[in-house]
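Hello,

Here is the structure I promised to pass on to you. Have a look at it first, and then read my notes below.

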2 protein chains.
Amino acid sequence: MIRPWDILDTRELADYRIFRLQATRKVNPRNGHEHEFIVAHAPDWVNVVAITADRELIVVEQFRHGSESIQTEIPGGVMDPTDNSPLEAGLRELREETGYAGENARIIGKAFSNPAIMHTTTFTVLVENCRKFHDVELDQGEDLVTHLIPLDDVRRLASEGRFGHSLVLAALYHYELDRGAPLTG
Amino acid sequence: MIRPWDILDTRELADYRIFRLQATRKVNPRNGHEHEFIVAHAPDWVNVVAITADRELIVVEQFRHGSESIQTEIPGGVMDPTDNSPLEAGLRELREETGYAGENARIIGKAFSNPAIMHTTTFTVLVENCRKFHDVELDQGEDLVTHLIPLDDVRRLASEGRFGHSLVLAALYHYELDRGAPLTG
């Protein structure tokens with residue numbers, strides 16, 4: 001019932017390091033109306049649900065410059081050109097940001113970060129039985145600390161608004177969907 | 001332990017209707033390194049978990065120009081300047097996109113859409129006992145259709161990847177957190 005939109009033309013607007021912007025004029029198949037859509041093209045992103053052998057969730061706290069506030073998140077970041085897969089990117093981010101590594105790593109979900117205005121996918125990587133093996137290796141533009149949260153507390157903290165990053169909430173939901181049960185008890 | 005970053009200067013980069021971009025130079029409190037952050041400033045957004053009297057979730061299907069694909073989402077959209085609150089914006093979007101209205105409307109969650117690069121909050125609005133009261137009123141640049149999904153099927157469909165919009169997954173998780181139970185049985 002939903003039909004494709006005919007494209008009239010596409011033009012590059014600008015390239016801003018974190019994304020490049022394109023404007024595309026299209027025709028609405030419902031009414032023939034012309035409309036211009038601006039889309040941000042960015043590399044894919046990974047978020048890592050990393051669980052320790054003691055059933056704790058590894059979280060990172062950092063000051064976020066979009067929200068201008070300190071956020072409690074899970075490890076993650078932009079895929080590098082040298083990453084061969086989202087899984088590899090997730091394990092790299094986990095190691096660099098927290099020093100942890102683990103077992104049974106796998107992709108448990110993916111979704112467009114914001115399909116209305118962005119062309120980028122966020123992958124959720126699960127890593128289990130994590131232990132601290134390495135020193136952290138933060139980028140020059142990063143400052144973050146690692147904490148461990150008992151899995152049994154995650155749902156309560158999420159209910160209280162502790163996780164203020166929508167993509168982190170989506171990753172935690174992927175984890176609950178993968179388990180087939182809520183994060184309680 | 002996480003300290004604020006001193007701001008050196010901020011400059012406007014551009015205004016692109018859907019957001020305006022700012023670049024801010026800051027000093028990393030960890031190492032004194034200067035770094036420039038680009039931030040998109042956009043109006044807040046609402047996503048609406050709308051439940052019918054028959055315990056169905058109201059979803060909308062539309063072609064999304066960021067992902068270049070048809071997405072199954074929940075009603076929602078950008079707050080208008082005329083909306084007095086996120087709640088009002090949610091009820092307006094629900095009415096315009098689907099023709100439905102309901103009872104017990106309230107905010108059940110909020111999170112930054114992407115605090116790494118955007119200054120904008122997405123609110124999750126819950127509306128219960130919804131019924132179709134109105135004709136749909138689509139914008140010139142919209143084409144969407146409404147479907148009803150039994151609540152009991154939502155978790156399975158989410159597990160299968162049916163909801164490809166991260167902010168919709170975050171809203172469904174807000175709904176599960178608000179219920180205090182998973183969407184099953």
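How many helices and strands does chain A have? There are 3 helices and 11 strands, where helices (H or I, at least four residues) and strands (E, at least two) are DSSP runs numbered from the N terminus. Starting at that end, the order is β-β-β-β-β-β-β-α-β-β-β-β-α-α.

Before the details, please note that this is a predicted model, in which local features need pLDDT of at least 70, side-chain atom pairs count only at pLDDT 80 or more, and totals for chains, interfaces and linings use all residues. Residues are numbered from 1 along each chain as its sequence is written, chains are lettered from A and ligands numbered from 1 in the order in which they are written, and side-chain values use heavy atoms, with hydrogens and water left out.

Along the principal axes, the C-alpha atoms of chain A fill a box of roughly 60 × 40 × 30 Å. Of the 185 residues in chain A, 55% are buried (under 20% relative accessible area, 1.4 Å probe, protein chains only).

Leaving aside neighbours within four places in sequence, A:Leu57 is in contact (heavy atoms within 4.5 Å) with residues including A:Val49, A:Ile74, A:His147 and A:Leu172.

Best wishes

Conventions
Buried < 20%, exposed > 50% of the residue type's maximum accessible area, 1.4 Å probe, protein only.
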